[in-house]
Amino acid sequence: MDRPLTKNIRKDGQPVYLKEYEEKGGYQALKKVLKMTPKEVTEVVKQSTLKGRGGAGFSTGLKWSFVPMEGDFKHKYIVANGDEMEPGTFKDRLLLEGDPHQLIEGMIISAFAIQADIGYVFIRGEYTYAAEIMEKALHEALEAGYIGNKILKSDFNFDLHLHTSVGRYICGEETALLNSLEGKRANPRAKPPFPQVSGLFGQPTIVNNIETFCNIPHILEYGPEWYQKLSLTPGDGGTKIYGASGKVKNPGLWELPLGVTLREILEDHAGGMREGLTFRGCLPGGASTDFLVEQHLDIKMDYASVAAAGSRLGTGTVIVMDDKTCPVGMVLNLIHFFAQESCGWCTPCREGLPWTEKILRKIEEGKGEMKDLELLEFQTRFMAPGNTFCALAPGAMEPLQSALKYFREDFINHINDQKCPWKIS
Amino acid sequence: MLTALERQEIEHEFKLYPYKQAACIEALKIIQKHRRWVSDESLLDLSVLLEMSVEEIDGVATFYNLIYRKPVGRHVILLCDSVSCFIMGYESVLEYLISKLGIKYGETTPDDKFTLLPVPCLGTCDHAPSMMIGRDLHRDLTPQKIDEILTKYE
Ligand SMILES: Cc1cc2nc3c(=O)[nH]c(=O)nc-3n(C[C@H](O)[C@H](O)[C@H](O)COP(=O)(O)O)c2cc1C
Ligand code: SF4
Ligand code: FES
């Protein structure tokens, strides 16, 4: 089995519900886990070398191991992050809508590992189909005794609820997400304390991405060695759901071994560029990753290789820019998004992003001056990591700083000609 | 005044949280489900029920994109204006919607049928451009398709 995450997903787009999930071997991993100790489960996940699929790529097993296992806690919580609002990212939707029980089983096993008694599936408000499907699947799991009290006649109790959000990109940041679950404005929290120690309602909490949880049942069922071998990159286990959008022939999602090359994704799976268009660059893992260009096509799409090329694997969903798309216009679109979605908590981001948007709009509209380029470069330093309260603003600077590097000529042409070369008239 | 049903639904939410203020977002969602939007008067009613100040509740209400603090039409059109839809030409879809409905972002048609709003990436970027109307997702949009889609809504 080389595609564990998507093996059940049906071609007709219909969700796999409980009966079908069980027929295809579902909930066997949970049965196995309930005979293990929590510590053993965490250890297996650690050995698998699974890294979080939400963007930051932190070791999942290591994260879990920070949860205190001794002591008296009112509750411990586990939260699946299905906010998925990063532009260009659409992989968690597939898992939520296609195979809801895979996520549920992954969450129950993860809850067992940290001995959490309450869980939430946090889904963005616009994912109305996913919410309906999850609601039904959660009901089935409760009826069948996979969640609730004394799961499968063991001593383990775990309640799992669905929470639909009301829209805001910052809700995806894990501490902001916790504030949102508590009914508050979704501003991020100061760390430390880390959520593993003091998270939801002040209790130990684990937040993982949807795709991360979906890996868990397979790791427990087939073991860490098997999981590591799925990948082409040693020390970076598993498959990854990669995707491509933009003017490629066949945009979509594919589950592939971690570490396939960017070229393989764009040419073999996405089918290359549409007729008459040329590849100019791409954001390899969503809106908050640095541009990669032609010279990077043969890099491996794993965490370390993409970082070595000056970008981030991020969510693994590639946004492709063609030669008929204006790089200045594209970066303006991205910065507009980040400026709108800034939570307003810290000054560099709240003031810096709208300022950056204004400069970019001026250049795109043919009113730019050469000194604006220096001003844009200043912004990328001003909102660099460490200067803002959370990673939103530094993320916003990634496509901008790399565009200034790789597409500088296009910025200069806009300024020299006092118009956007891609606009007719 | 909150209706008995609204009150009942909100009070049910209280049971799911350690303290009732934590149900603030759920309470706003319930009001919006029944009234399409959240008025000043509703905030006042909620402040009594949740034992929170109006300002605090409004701080929450105005933070989130999908809580409407102004009246909206029967169907809210959320047009994705993010990067993949930009590359795939959402701007021509926007122009078409504007000319067809005669409204701009933030406005409602005179018959109270549609409100037009931008929304960040709808997570269906391989089928850009995209939009939602109410709870429905519409993908691979073209002006011709929009004509067809809009007729489905009363
Ligand atoms: C602005 C911002 C938005 C984020 N949005 C998401 C998101 O939508 N989904 C997600 O899984 N992680 C998101 N993250 C990352 C989370 O903070 C967190 O690292 C992640 O959920 C942890 O899960 P993982 O370890 O399984 O990747 C976001 C981070 C930032 C700074
Ligand atoms: S960087 Fe932006 S999103 Fe993050 S806390 Fe500061 S203002 Fe909020
Ligand atoms: S950018 Fe429009 S759906 Fe993702």
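The legends below describe close-up views of a predicted model.

**View 1. The interface between chain A and chain B.** In this predicted model, the contact draws on 50 residues of chain A and 39 residues of chain B. The size of an interface is often given as the accessible area lost when the parts come together. Between chain A and chain B the buried area is about 3500 Å², and carbon and sulfur atoms account for 59% of that area. Across this interface there are 20 residue pairs in polar contact, counted where both residues have pLDDT 80 or more. On the side of chain A that touches chain B, at least two residues each come from α7 (128-143), β3 (159-164), α8 (174-181), β5 (239-246), β8 (317-322) and α13 (327-341) of chain A. The largest share of that side, seven residues, is supplied by α13(A). Sorted by class, the side of chain A that touches chain B is made up of 20 nonpolar, 17 polar and 13 charged residues.

**View 2. The salt bridge between the two chains.** Side chains of opposite charge can pair when their charged atoms come close. Between chain A and chain B the count is one salt bridge, and the side chains that meet in a salt bridge here are those of Glu132(A) and Arg135(B), with a distance of 3.1 Å from N to O. For the whole structure, a search over all chains finds 39 salt bridges.

**View 3. The surroundings of ligand 1.** Ligand 1 is surrounded by 17 residues, of which the closest are Gly54(A), Asn81(A), Asn208(A), Asn209(A) and Thr212(A). A polar backbone atom of Gly54(A) lies 2.7 Å from an oxygen atom of ligand 1, while a backbone N or O atom of Arg53(A) is 3.3 Å from an oxygen atom of the ligand. The side chain of Lys63(A) also takes part in the view, with an N or O atom placed 3.3 Å from an oxygen atom of ligand 1. On its own, ligand 1 has 600 Å² of accessible area, and the protein covers 89% of this.

**View 4. Lys63(A) and its partner Glu174(A).** Lys63(A), whose side chain has an N or O atom 3.3 Å from an oxygen atom of ligand 1, also forms a salt bridge with Glu174(A), in which the closest N and O atoms are 3.4 Å apart. This pair links distant parts of the chain, since Lys63(A) belongs to helix α4 (residues 60-65) of chain A and Glu174(A) to helix α8 of chain A, 111 residues apart.

**View 5. Backbone details in loops of chain A.** Most residues other than glycine have a negative phi, and most peptide bonds are trans. In the loop between α8 and β4 (205-209) of chain A, where Pro192(A) lies, the peptide bond from Lys191(A) to Pro192(A) is cis, with omega near -5°. A cis peptide bond also joins Pro192(A) and Pro193(A), with omega about 0°, and Pro193(A) is likewise found in the loop between α8 and β4 of chain A. Thr49(A), in the loop between α3 (38-47) and α4 of chain A, has a positive phi near 65°. Leu152(A), placed in the loop between α7 and β3 of chain A, has a positive phi of about 50° although it is not a glycine.

**View 6. The fold of chain B.** Chain B contains seven helices and four strands, which follow the pattern α-α-α-α-β-α-α-β-β-β-α along the sequence. Taken along the principal axes, the C-alpha atoms of chain B fill a box of roughly 50 × 30 × 25 Å.

Notes. Residues numbered from 1 in each chain as written. Chains lettered and ligands numbered in written order. Predicted model: local features only at pLDDT ≥ 70, side-chain atom pairs only at ≥ 80, totals over all residues. Heavy atoms only, no water. Contact = heavy atoms within 4.5 Å. Buried area = accessible area lost by both parts, 1.4 Å probe. Salt bridge = Lys/Arg side-chain N within 4 Å of Asp/Glu carboxyl O. Polar contact = N/O pair within 3.5 Å; in protein donor to acceptor, adjacent residues only side chain to side chain. Nonpolar A, V, L, I, M, F, W, Y, C, P; charged D, E, K, R; others polar. Near = heavy atom within 4 Å. Areas by Shrake-Rupley, 256 points an atom, 1.4 Å probe, with all protein chains shown as cover.
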